[in-house]
Each structure stands twice: as C-alpha cells, then as structure tokens.
Amino acid sequence: MKHQDMINEQRSLWVFGYGSLVWRPDFKFKRSKVGYIQGYKRRFWHGDTFHRGDIDMPGRVVTLVEDDDACTWGVAYEVTGSQIEDSLKYLNVRESECGGYITKWVEFISREDSHTPTLALTYIATASNPIYQGPASPEEIAAQIAVCKGKTGHNIEYLLRLAQFMRRYCPEVEDDHLFSIEAATLALEPYLLVSKQMM
C-alpha cells in the first residue's frame, strides 16, 4: 500500500516527535504519550537554514540514523478526524518544506503500554539532503549551535529544551550524544547568559 493511501485510511493517526515536536507540537491533538522507537539513534547531523539557522550559518538539528541496537525517546501525538489533515498540512510545511525531512512509518512503544507497539508517522532527514551536515565531534557541533539563529529562534534553545525534556520525562535514559553536546555548548562561557535567559 502506498504511503498516502495508508494515511487516507486512518481514522486515528499517531505522529512521533523526537526533536522540537516534544515541547512545541503547535497542532491540535487528542492525546500524547512519552515513549520510544527502536532501531534508530538521534543525532545532531541535519542542517537547518530556516528554523534555527540561515543559508550563511546553518544550524544543527536532530534526525534519526538507523542503528539496530539503539532506541530514541520522544513523544507520540494522536490526531483524529479533521486533526489528521490539519496536522499533516502544518507538519508538511514545518518539517518537509522548511526543514527538508521526509516521512517514515515507525513502531512507537509507549512507556505506559510497552507490550503493544503503535504504528506512527515520523520525519527523518537523510544524507541525500543537500543541507545534511553529518557526523562531527561534540565540540564542533556545539560551536556551530552556539552562534546560529533562525526564524524560530536560537539554535542553543533547541538543544537545551531537548535536553530539558529528556531529563524531565525520561530521567532514566542515557543520551550521551545529546548531553555531551549540551555540556560542550554550555562550556562556551559567552553563551551561558543567553541560555539562562531562554530557559
């Protein structure tokens, strides 16, 4: 079955977010659940020339990279009825047109019901995207994040709010990639004051 046909047949649709969607979905939904997907790791490997950076200074945002041994925590939102079309129209602009992400079906596992995976739609940026940044050291990524700003706000805000979400809702999860970049960014002293003002 084609991707769009699967969406059209849904009376209820789950959307999994693992980046800015965890704290700022900005679309109406019926309910949300914290949980994870398996087989993917979250990485600050995608470039952003709109929301958290610009053409001259692209920001760094997260995408999912396939890894059989990994899992990524985030939030899944259930949309129903007219919310399905409205949310997908909004997300198509936010994530695909402005962010360069493509859609993919994944199995979401809720923290409250770990025995029943739910099919969910998520957004992934791949290496084929022209603004894909790829791997770099935490220090290199931090230096880039610390100075970038886009139409949605400072890149550092994106990083800190994601780290804040993980500590608040998934305190048992060790996300070394995320927290090492956060530590490297906060070690850049000129930006400590900015980060405190944002939070």
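How far apart should the ends of helix H4 (residues 155–169) be, at 1.5 Å a residue? The views below start from the whole chain and come back to this helix at the end. The model shown is a predicted one.

**View 1. The whole protein chain and its elements.** The protein chain has six helices and five strands. Followed from the N terminus, the elements come in the order α-β-β-β-α-β-β-α-α-α-α. Of its 199 residues, 48% are buried. The chain exposes about 10,300 Å², and carbon and sulfur atoms supply 50% of that area. Among contacts with a separation of 6 or more, 76% join residues 24 or more positions apart.

**View 2. The largest cavity.** Here we look inside the protein. The count comes to one cavity of 30 Å³ or more, and the largest cavity has a volume of about 250 Å³. Its lining is made of 24 residues, with Ser20, Arg94, Glu95, Tyr101 and Tyr158 nearest the centre. Strand E1 (12–17), strand E2 (31–48), strand E3 (59–80) and helix H2 (82–97) each give at least two residues to this lining. E2 provides the largest share, three residues. Sorted by class, the lining of this cavity holds 10 nonpolar, nine polar and five charged residues.

**View 3. The largest pocket.** Next comes a space of another kind. The largest pocket holds about 220 Å³ of space. Of the 14 residues that line the pocket, Lys41, Arg43, Cys71, Glu174 and Asp175 lie nearest its centre. E2, E3 and helix H5 (176–186) are the elements that give two or more residues to this lining. Five residues come from E3, the largest share. By class, the pocket lining has seven charged, five nonpolar and two polar residues.

**View 4. Helix H4 and its buried residues.** Helix H4 has 15 residues, so at 1.5 Å a residue it should span 21 Å. In the model, its end C-alpha atoms are 22 Å apart, which agrees. Which residues of H4 are buried? They are Asn155, Ile156, Glu157, Tyr158, Leu159, Leu160, Leu162, Ala163, Phe165 and Met166.

Methods
Residues numbered from 1 in each chain as written. Predicted model: local features only at pLDDT ≥ 70, side-chain atom pairs only at ≥ 80, totals over all residues. Heavy atoms only, no water. 1 Å grid on protein atoms, 1.4 Å probe; cavity = no way out; pocket = protein on both sides within 12 Å on 5 of 7 lines; lining within 4 Å. Points joined across faces, edges and corners; volume = space filled by probe spheres on them. Helix = DSSP H or I, 4+ residues; strand = E, 2+ residues; numbered from the N terminus. Nonpolar A, V, L, I, M, F, W, Y, C, P; charged D, E, K, R; others polar. Expected span 1.5 Å × (residues − 1). Buried < 20%, exposed > 50% of the residue type's maximum accessible area, 1.4 Å probe, protein only. Contact = heavy atoms within 4.5 Å. Areas by Shrake-Rupley, 256 points an atom, 1.4 Å probe, with all protein chains shown as cover.
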